[in-house]
Amino acid sequence: MYPNAIAEFIFDQSSAHGAYAKDALNAKEMNVKPGGKQRKMHDTYIPFDNPNPDLRGQPQSMVFPSNLLPDHPDYQFRGQPKGMQRVLEERGLIPMLRAANGGQAIGECRICKLSREAQEQLHRDALAAAEGNDGPSEGHANTAQEPKLTICCMRKMLANQQDFKDEKPLLQIILEESGHRCWFLPKFHCELNPIEMYWGWVKARE
């Protein structure tokens, strides 16, 4: 009915709405080492906030070339994903990671291995402790004071790279490529999400 109109689509924070394309940059889907069972991700560019000015804006493939020569050190991984360590090495970030972690560069630290809910609770406990409120909740007494680092491990460091952070959900990509606009409501917002208002109405009548 309106072929020249620009539609505005509004979605809530459903996990289905936030799904990424299969080749999206996603540190959670990467192994530490090359090869293995990990997704092949699309090519990217090294972010312009990289500490090394010579690397900024340089193209970076997330997969080894398929035409590597037999004498190449990565010949056995030709055509396969590079993995977190190799991607960070090419960005010159491994020395920074080691310097911040006592000379170590681990794939995933114990805090990043926690569920998202546990990490959020840990962060709330740390904020409460810093503000002098009640102590941390049970089960997090030993880790509430730990800072929320962005370079604690390879996975966290890579996830905080600008090109990884700029990755958009597949739904948004499809709509924007079609010339429309896509908006996501704040998570669990009691007024903007109609379902939250409905649940409030139900609870008031229990």
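Trainee: Why is D74 called buried?

Mentor: D74 has a relative accessible area of 9%, and buried means under 20%, with exposed over 50% and partly exposed in between (1.4 Å probe, protein chains only), so D74 is buried. This is a predicted model, in which local features need pLDDT of at least 70, side-chain atom pairs count only at pLDDT 80 or more, and totals for chains, interfaces and linings use all residues. Residues are numbered from 1 along each chain as its sequence is written, and side-chain values use heavy atoms, with hydrogens and water left out.

Trainee: Which residues does D74 touch, not counting residues up to four places away in sequence?

Mentor: With that exclusion, D74 touches F64, L68 and R86, where contact means heavy atoms within 4.5 Å.

Trainee: What makes a space a cavity, and how many of 30 Å³ or more come from this rule?

Mentor: On a 1 Å grid over the protein atoms alone, a cavity is a set of points where a 1.4 Å probe fits but cannot get out, and lining residues have an atom within 4 Å of a point. The count comes to one cavity of 30 Å³ or more, and the largest cavity has a volume of about 40 Å³, a volume being the space filled by probe spheres set on the points, which are joined across faces, edges and corners.

Trainee: Which residues line the largest cavity?

Mentor: The lining consists of M30, Q38, R39, M41, M62, P81, K82 and G83.

How values were computed: On a 1 Å grid over the protein atoms alone, a cavity is a set of points where a 1.4 Å probe fits but cannot get out, and a pocket is an open set with protein on both sides within 12 Å along at least five of seven lines; lining residues have an atom within 4 Å of a point.
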